[in-house]
Amino acid sequence: MDVRFDLPEADAFTRPYWDAAAEGRLLIRRCHAPACGRAHHYPRECCPRCWSEDVTWERASGRATLYTWSVVHRNDLPPFGARVPYVAAVVDLAEGPRMMTELVDCEEPAALRPGLPLEVAFRERAEGVTVPVFRAR
């Protein structure tokens, strides 16, 4: 069996996130503590700002803006070597959290700029494993 470094390891807690991605929906977590109410990503069982355990899954809009990026020209970990060059990015979700991701359908990486409007897309990495990626709107 080939080793792959691009597949998430879903567990009981993150299963709703990966199931939603397979259905074309991006989920985030939202705190419901009265003094907080902030969204966060990556999924955690408590709010990273106020430590409240009153958090739930919420469907994100799928809108984001580009915060920063890097065009990866060399990556020796399988299967990334077959994908180079690709654009690794950090995006600001419309709901507030930052998210690490990949930009797709990016023909001109030189035209990327901070604040570029993005939308979520989904890419199947393996049978039953779908991950959120982003592309320019």
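The following conversation walks through a predicted model.

Biologist: What should I know about the numbering and the model before we start?
Modeller: This is a predicted model, in which local features need pLDDT of at least 70 and side-chain atom pairs count only at pLDDT 80 or more, while totals for chains, interfaces and linings use all residues. Residues are numbered from 1 along each chain as its sequence is written, and side-chain values use heavy atoms, with hydrogens and water left out.

Biologist: Which residues touch the most other members of the largest nonpolar core?
Modeller: They are Leu 26, Leu 66, Val 91, Leu 93, Leu 103, Leu 118 and Phe 134, out of 25 residues in that core. A nonpolar core is a set of buried Ala, Val, Leu, Ile, Met, Phe, Trp, Tyr and Cys residues joined through side-chain atoms within 4.5 Å. Buried means under 20% relative accessible area, exposed means over 50%, and partly exposed lies in between (1.4 Å probe, protein chains only).

Biologist: Which elements give two or more residues to this core?
Modeller: Those elements are α1, β1 (27-31), β4 (63-72), β5 (86-93), β6 (98-103), β7 (117-126) and β8 (129-136). The largest share, four residues, comes from β5. Helices (H or I, at least four residues) and strands (E, at least two) are DSSP runs, numbered from the N terminus.

Biologist: Now the strands. What is the order in the open sheet of three strands?
Modeller: The order is β2-β1-β3, with antiparallel pairing. Its edge strands, β2 (39-40) and β3 (55-59), each pair on one side only. Two strands pair if DSSP finds at least two bridges between them.

Biologist: How many bridges do β1 and β3 have?
Modeller: Five bridges link β1 and β3 in the antiparallel sense. As an example, Leu 27 has Arg 59 in β3 as its bridge partner.

Biologist: And how many bridges join β7 to β8?
Modeller: Eight bridges join these antiparallel strands. Glu 124 stands opposite Thr 130 in β8. The hairpin of β7 and β8 has two residues between the strands, and Gly 128 takes a positive phi near 80° there. Strand β7 also runs antiparallel to β4, with three bridges; Ala 64 has Leu 118 in β7 as its bridge partner.

Biologist: Is Arg 125 buried or exposed?
Modeller: Arg 125 counts as buried because its relative accessibility is 14%. Arg 125 sits in strand β7, and its side chain makes a polar contact of 2.8 Å with that of Glu 102. A polar contact is a pair of N or O atoms within 3.5 Å; within protein, one must be able to donate a hydrogen and the other to accept it, and residues adjacent in sequence count only if both atoms are side-chain atoms.

Biologist: Changing topic, which residues does the cis peptide bond with omega of about 20° join?
Modeller: That bond joins His 41 and Tyr 42, and Tyr 42 lies in the loop between β2 and β3. The bond from Val 84 to Pro 85 is cis as well, with omega near -10°, and Pro 85 is in the loop between β4 and β5. Most residues other than glycine have a negative phi, and most peptide bonds are trans.

Biologist: What is the phi of Trp 51?
Modeller: Phi of Trp 51 is near 70°, a positive value in a residue other than glycine. Trp 51 is found in the loop between β2 and β3 and counts as exposed because its relative accessibility is 62%.
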